[in-house]
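Subject: Structure handover

Hello,

Here is the structure for your review. My notes follow below it.

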Amino acid sequence: MGLNVRKHYANKSKKDNVITSRRFLCSKQGHRENDKRDHLVIEPRQETRTDCSARMGIILNRSTGKYYVHEFIAEHNHILHYAECTHMLSSQRTITDVQAFEVQLANDSGLTQKNSFDFFSNQAGGRANIGFTQRDQKNYLRSRRQREMAHGEVGFLLYYFQKKTVDDPSFFYAVQLDNLEQVTNIFWADARMRFDYELFGDVITFDTTFATNKEYRPFRVFAGFNQFRGIIIFGAALLYDETIDSFLWLFETFLEAHNLKKPKTMFTDQDAAMTKAIHQVIPETRHGLCTWHLMQNGIKHLGNLMKDGSYFLSYFKKIMFEFENEEKFEVAWKEMLSTFSVEENSWLTSIYKIKEKWAKCYMKTAVTLGMRSTQLSESLNGDLKDYLKSNFDLGSFFKHFERVIDDKRYKELQAEFESREKMSKTKGQVTSSFATSWEHLHTIDI
């Protein structure tokens, strides 16, 4: 009829706890109580109560077991809502169990609240038929996240990892605590990650992304290539900071998770603390600099040289990737410094001192499997940014990171299917086919 209904009171039997009587009121019944702080409010809330007397009372008939109406006042002292607005009334809105499941499923799939609500609207034939509003959807998701984090970050972490361990007995995780027993660093790897590392862990990259969680913790990923040159992940970590102590704990934990197998080559970005930790924990591993991060740092420090059609960046790439002879590399490096007048640039001086970690002529003896190219880091960073947002709480972060893993593994499955479904045509096969066709045509001509 265009009004909100509010429950007033309910009487219950002390014998069987059955409601014996109840009264329902118009939501505009009564008046808002005066607040002593009203004179301090600059923009007071609008009034919603009009002391409407409309109500209905029901009583239980014990002999029949049914309720009957014993009081009913239908007159209102305010304007009723249009029928088209009925679905906006709070007493008419509810999220059913099925709808709650669909809302959660859409959220876990990465749909925005607006997109998922539009989908529910089209599915139901209009917003008026859904049964709840977009604000109800937002409140439901917020309440669910609050319940998941009811025991705090540590409680959620323990519950999440324990559940993963039950589902996957080979799931490995480690949590480092400080002297106040607060969680600092977290590392985890499931059974598939550990198995993949056993097969493809000779060359890895230790990559970093932007702050992909609400706590703005550095997020690090150990990754590599599979047999299809697709990206696979060997483990992930949320760090409290990027100090030597954190990296020492992380690398030792990583080796423990993978039965102390050490990679032959490891690519990272230019982090001094990380470099020291690598030399302490895995000194046998060849340490190389990821060329993608190196180029990003070059753009950051030498952006003024890349304006107005300058070819400095292409020249720098040529020095990095093309020279296999050390003498030619040295000549080209000096020529670049003089051409662009950057002999005194501190960043170029610093990377020249560690040229054996990034220049092709010095890295040709290292086992790289082609990982020096920018393909892996660019692709991995792009995929993580597609799925992970910086405003995620810990619960949302783990759920969406699982989506990243599932996507990578499905791509590997697709590549496996393609490899069994199709075969590349070799030159010998093309020549043989051409010869057969030519012989057939020649016979026809004769």
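**Start of helix 7**

A side-chain oxygen of Asp271 comes within 3.0 Å of the backbone nitrogen of Ala273, at the start of helix 7. That is a polar contact (a pair of N or O atoms within 3.5 Å; within protein, one must be able to donate a hydrogen and the other to accept it, and residues adjacent in sequence count only if both atoms are side-chain atoms). Helix 7 covers residues 272-281. Its buried residues are Ala273, Met274, Thr275, Ala277, Ile278 and Val281. Buried means under 20% relative accessible area, exposed over 50%, and partly exposed in between (1.4 Å probe, protein chains only). Helices (H or I, at least four residues) and strands (E, at least two) are DSSP runs, numbered from the N terminus.

**Basis**

This is a predicted model: local features need pLDDT of at least 70, side-chain atom pairs count only at pLDDT 80 or more, and totals for chains, interfaces and linings use all residues. Residues are numbered from 1 along each chain as its sequence is written, and side-chain values use heavy atoms, with hydrogens and water left out.

Strand 5 runs antiparallel to strand 6, with 6 bridges joining them. Two strands pair if DSSP finds at least two bridges between them. Val175 has Ile186 of strand 6 as its bridge partner. The hairpin of strands 5 and 6 has 5 residues between the strands, and Glu181 there takes a positive phi near 60 degrees. On to strand 9 (residues 231-238): 3 bridges join it to strand 6, again antiparallel. Phe187 stands opposite Ala237 in strand 9.

Tyr173 lies in strand 5 (residues 172-177). Its relative accessibility is 31%, so Tyr173 counts as partly exposed.

**Cysteines**

How many disulfides does the structure hold? It holds 0. A disulfide is a pair of cysteine sulfur atoms within 2.5 Å. The cysteine sulfur closest to that of Cys26 is in Cys52, 3.9 Å away, which is too far for a bond. Cys26 is buried, at 1% relative accessibility. Cys290 is buried too, at 5%. Cys85 is partly exposed, with a relative accessible area of 25%. Cys85 sits in the loop between strand 4 (66-73) and helix 1 (97-108). C-alpha to C-alpha, Cys85 and Ala128 are 7.9 Å apart in space, and 43 residues apart in sequence.

Best regards
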